[in-house]
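Biologist: I have the structure open. Let's walk through its charge pairs, its helices and its surface.

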Amino acid sequence: MAMTATAAASVAAHADPHHLRVTEHGGPAPKRIVTGFGFWIFLLSDIVMFSCFFASYAVLVGQTAGGPSGAELFDQRSVAIETILLLLSSFTCGMASIAADMRNALCFQIAMAVTAVLGAGFLLLEAREFTNLVAHGNGPSRSAFLTAFFTLVGCHGLHVSAGILWLLTMMAQVVAKGFRADIQRRILCFALFWHALDIIWVAVFSVVYLMGTAA
């Protein structure tokens, strides 16, 4: 009987590596459930915020105040490279999650480091784009269109910056504490956050850059 119970516990742990399954009955929800629920609310609120920015951009995209439009400003080649870097970072982030599930610290650290480098490359290209626009007198105060553009794209860039800081923190925590259950849950939350940023960027790339240069 003892062997059977141990085997059952082992199977349950393997099936639920992040300890997200509810096994308790009655009483307040476990902390891990509350944390997971709260993080999903955070992601949904973030999506609502970006939806408002997209709506504002759609309304103001034609309000150039006699200045240049997106078709005259945007560098498709640079934006394409940014997109490739961010999509590749999503892949390496997924590989880091797999390595964490397998408790492979070396592969986890390598995958997370590559994710950080790709994210940093994305930010550098975006910063260069913003700097060039401002240097040529096309800053956010030039027109309502540019205000909406800098707000939407810049907010996404701030999220990527925060994600890189979070990523580095997770790397340090794994070194210090290993793959504890709470660390695993944080890695899962980070991966959801990073993939959500990639999805938002695909929308930015399609609505702002592709449609903007086609106009």
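Biologist: Which residue forms a salt bridge with arginine 186?

Modeller: Bear in mind that this is a predicted model. The closest N and O atoms of the pair are 3.5 Å apart, and the cut-off is 4 Å. Both partners lie in helix H7 (residues 181-214), four residues apart, about one turn of the helix. The partner is aspartate 182.

Biologist: Which residues are linked in a network of salt bridges?

Modeller: The structure holds two salt bridges. In one, arginine 186 pairs with aspartate 182. In the other, the side chains of aspartate 182 and arginine 180 meet at 2.7 Å, N to O. The network links Arg180, Asp182 and Arg186.

Biologist: Is arginine 180 buried, partly exposed or exposed?

Modeller: Its relative accessible area is 39%. Buried means under 20% and exposed means over 50%. Arginine 180 falls in between, so it is partly exposed.

Biologist: How far does helix H6 reach from its first C-alpha to its last?

Modeller: Helix H6 covers residues 144-177, 34 residues in total. At 1.5 Å a residue, 50 Å is expected, and the value in the model is close to that. Just after H6, glycine 178 takes a positive phi of about 75°. The reach of H6 is 49 Å.

Biologist: What is the area of the nonpolar surface patch that includes Phe91?

Modeller: Phenylalanine 91 lies in helix H4 (residues 76-101). It counts as exposed because its relative accessibility is 53%, and exposed means over 50%. Met95, Ile98 and Met102 make the patch with Phe91. Its area is about 440 Å².

How values were computed:
Residues numbered from 1 in each chain as written. Predicted model: local features only at pLDDT ≥ 70, side-chain atom pairs only at ≥ 80, totals over all residues. Heavy atoms only, no water. Patch = residues over 30% accessible without salt bridge, like charges linked within 9 Å, V, L, I, M, F, W, Y side chains within 5 Å. Areas by Shrake-Rupley, 256 points an atom, 1.4 Å probe, with all protein chains shown as cover. Helix = DSSP H or I, 4+ residues; strand = E, 2+ residues; numbered from the N terminus. Buried < 20%, exposed > 50% of the residue type's maximum accessible area, 1.4 Å probe, protein only. Expected span 1.5 Å × (residues − 1).
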